[in-house]
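Reader: Hi! Could you walk me through some charged side chains in the model below?

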Amino acid sequence: MTETRLYHNPRCSKSRGTLDLLQEKDIQPEVILYLDNPPNADELRSLLELLDMRPRALLRTGESEYAELGLADPARTDDQIVEAMATHPRLIERPIFVHNGRAVIGRPPENVLQIL
């Protein structure tokens with residue numbers, strides 16, 4: 001994996017705004033279209049470590065898969081949540097920007113400035 005990458009969904013305004021902001025700062029991250037090329041469970045665990053987050057905090061609770069898979073159930077383990085996100089990447093909060101061993105969610109897009 002490269003040191004500077006953006007897990008991106010071009011249909012998401014926050015994700016597009018984050019990419020635009022990075023490019024304005026002359027940063028050209030490796031753009032990973034995570035819906036087409038989803039991270040596997042191990043990659044997600046690495047991202048979560050860089051983000052210093054628990055898996056539940058990275059879940060998009062408004063997606064239909066969230067309800068269908070019963071992910072609101074507090075008995076769901078971290079591993080179950082990670083596996084669900086790996087199988088159903090729409091559940092992953094976006095965008096995720098990784099730079100020099102650190103990561104942040106670009107919501108709002110200006111969050112990425114914290115790790116530059």
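**Charged pairs**

Author: Happy to. Arginine 90 is partly exposed, with a relative accessible area of 36%. Here buried means under 20% relative accessible area, exposed over 50%, and partly exposed in between (1.4 Å probe, protein chains only). This is a predicted model, where local features need pLDDT of at least 70 and side-chain atom pairs count only at pLDDT 80 or more, while totals for chains, interfaces and linings use all residues. Residues are numbered from 1 along each chain as its sequence is written, and side-chain values use heavy atoms, with hydrogens and water left out.

Reader: Thanks! Which side chain does arginine 90 meet in a salt bridge?

Author: That of glutamate 63, at 3.3 Å from N to O. The pair links distant parts of the chain, 27 residues apart: glutamate 63 is in the loop between H2 and H3, and arginine 90 in the loop between H4 and strand E3 (96–99). A salt bridge is a side-chain nitrogen of Lys or Arg within 4 Å of a carboxyl oxygen of Asp or Glu. Helices (H or I, at least four residues) and strands (E, at least two) are DSSP runs, numbered from the N terminus.

Reader: Is glutamate 63 buried or exposed?

Author: Glutamate 63 is buried, at 16% relative accessible area.

Reader: What else is glutamate 63 in contact with?

Author: Setting aside neighbours within four places in sequence, glutamate 63 is in contact (heavy atoms within 4.5 Å) with Arg90, Leu91 and Arg94. Its side chain also has a polar contact of 3.1 Å with that of arginine 60. For a polar contact, a pair of N or O atoms lies within 3.5 Å; within protein, one must be able to donate a hydrogen and the other to accept it, and residues adjacent in sequence count only if both atoms are side-chain atoms.

Reader: Which residues are linked with Glu63 in a network of salt bridges?

Author: Arg60, Glu65, Arg90, Glu93 and Arg107 are linked with Glu63 in that network.

Reader: Switching topic: how many salt bridges does the structure hold?

Author: Nine. One of them joins glutamate 83 and arginine 45, with the closest N and O atoms 3.9 Å apart. Glutamate 83 lies in helix H4 (residues 78–87) and arginine 45 in helix H2, so this pair ties together parts 38 residues apart in sequence.

Reader: And what is the N to O distance between aspartate 78 and arginine 54?

Author: Their side chains meet in a salt bridge at 2.6 Å. Aspartate 78 is in helix H4 and arginine 54 in the loop between H2 and H3, 24 residues apart. Aspartate 78 is partly exposed at 28% relative accessibility, whereas arginine 54 is exposed at 55%.
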